[in-house]
Amino acid sequence: MKKLINTAFGYAIASMAFGVFYREFTKWNGFTGKTTLAVNHLHLFALGTVLFLVLALFAKTTSLTAQPMFRRFYGLYNVALPFMTVMFTVRGVVQVLGISLSSGADAAISGIAGIGHLLMGVSIVMLFLALKAVAKTEE
């Protein structure tokens with residue numbers, strides 16, 4: 001449970017840092033349009049902080065963290081979420097700075113971001129499998 005709370009705390013700090021970065025970076029560059037930098041704060045807060053706080057509650061009352069699938073989820077998820085937010089940042093910085101990308105570079109950023117989303121999807125399925133295993137063993 002402590003590990004999950006510490007993970008949530010780490011994501012809370014990252015969420016706040018990305019929120020400040022978004023606000024200050026766009027202000028310093030005089031940018032007023034839409035950018036993917038805006039979604040980093042919310043993604044890290046909801047998918048990082050809130051999710052792991054809820055999972056800490058599950059861990060307090062169940063054997064969730066003892067499930068092998070949960071350990072796999074934890075590892076993959078903590079690679080996928082930062083990976084995804086890094087790609088949001090790359091895309092957002094390109095948008096704010098008005099960098100003109102070749103179609104290949106633009107597709108590469110989108111493709112790499114897609115891999116991050118795919119990893120997130122796989123890890124969420126792993127979480128549900130772990131939750132189902134806990135529900136089955138604790139009936």
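Student: Why is Arg23 called partly exposed?

Tutor: This is a predicted model, and in it Arg23 has a relative accessible area of 45%. Buried means under 20% and exposed means over 50%, so Arg23, at 45%, counts as partly exposed.

Student: What makes the pair Arg23 and Glu24 a salt bridge?

Tutor: The N to O distance between the side chains of Arg23 and Glu24 is 3.0 Å. The cut-off for a side-chain nitrogen of Lys or Arg and a carboxyl oxygen of Asp or Glu is 4 Å, and therefore this pair, at 3.0 Å, meets it.

Student: Is Glu24 itself buried or exposed, and how do you know?

Tutor: Glu24 has a relative accessible area of 15%, and because buried means under 20%, Glu24 is called buried.

Student: Which other residue forms a salt bridge with Glu24, and how is that known?

Tutor: Glu24 also forms a salt bridge with Lys27, with their closest N and O atoms 3.4 Å apart, a value within the 4 Å cut-off. Glu24 and Lys27 are 3 residues apart in helix 1, which means that about one helical turn separates them. In general, an α-helix has 3.6 residues a turn, so residues three or four places apart point the same way.

Student: Why is Lys27 called exposed?

Tutor: Lys27 has a relative accessibility of 55%, and exposed means over 50%, so the word applies to Lys27.

Student: How many salt bridges does a search of the whole structure find?

Tutor: The search finds 3 salt bridges. One of them is formed by the side chains of Asp106 and Arg91, at 2.4 Å from N to O. This pair links distant parts of the chain, with Asp106 in helix 4 and Arg91 in helix 3, 15 residues apart. Asp106 has a relative accessibility of 33%, and because this lies between the 20% and 50% limits, Asp106 counts as partly exposed. Arg91 is at 16%, which is under 20%, and so Arg91 counts as buried.

Student: Which residues do salt bridges with shared partners join into one network?

Tutor: Arg23, Glu24 and Lys27 are joined into one network in this way.

Student: What makes up the secondary structure of the protein chain?

Tutor: The protein chain has 4 helices and 0 strands, and its elements run α-α-α-α from the N terminus on.

Student: How do you know that the span of helix 1 is close to the expected one?

Tutor: Helix 1 has 27 residues and reaches 39 Å from its first C-alpha to its last, where 39 Å is expected at 1.5 Å a residue. Among the buried residues of helix 1 are Leu4, Tyr11, Gly19 and Phe25, and what covers the buried residues of this helix includes helix 2 and helix 3. Helix 1 is followed by Gly30, which has a positive phi, near 65 degrees.

Student: How does the span of helix 4 compare with the one expected?

Tutor: Helix 4, residues 103-137, has 35 residues and reaches 51 Å from its first C-alpha to its last, close to the 51 Å expected. Its buried residues, including Ile109, Gly116, Met120 and Leu127, pack against helix 2 and helix 3.

Student: Why is Asn40 called buried?

Tutor: Asn40, which lies in helix 2, has a relative accessible area of 0%, and because buried means under 20%, Asn40 is buried.

Student: What makes the pair Asn40 and Thr89 a polar contact?

Tutor: The polar contact that joins the side chains of Asn40 and Thr89 is 2.8 Å, and the cut-off for such a pair of N or O atoms is 3.5 Å. Leaving aside neighbours within four places in sequence, Asn40 is in contact with Phe18, Thr85, Phe88 and Thr89.

Student: Why is Phe58 called partly exposed?

Tutor: Phe58, also in helix 2, has a relative accessibility of 37%, which is between the 20% and 50% limits, so Phe58 counts as partly exposed. Together with Phe45, Val50 and Val54, Phe58 makes a nonpolar surface patch of about 320 Å².

Student: What percentage of the residues of the protein chain count as buried?

Tutor: Of the 139 residues of the protein chain, 33% count as buried.

Definitions and conventions: Residues are numbered from 1 along each chain as its sequence is written. This is a predicted model: local features need pLDDT of at least 70, side-chain atom pairs count only at pLDDT 80 or more; totals for chains, interfaces and linings use all residues. Side-chain values use heavy atoms; hydrogens and water are left out. Helices (H or I, at least four residues) and strands (E, at least two) are DSSP runs, numbered from the N terminus. Buried means under 20% relative accessible area, exposed over 50%, partly exposed in between (1.4 Å probe, protein chains only). A polar contact is a pair of N or O atoms within 3.5 Å; within protein, one must be able to donate a hydrogen and the other to accept it, and residues adjacent in sequence count only if both atoms are side-chain atoms. Contact means heavy atoms within 4.5 Å. Patches are made of residues with over 30% relative accessible area and no salt bridge: like charges are joined within 9 Å, nonpolar side chains (Val, Leu, Ile, Met, Phe, Trp, Tyr) within 5 Å. Accessible areas come from the Shrake-Rupley method with a 1.4 Å probe; for residues, only the protein chains shown count as cover. The expected span of a helix is 1.5 Å times one less than its number of residues.
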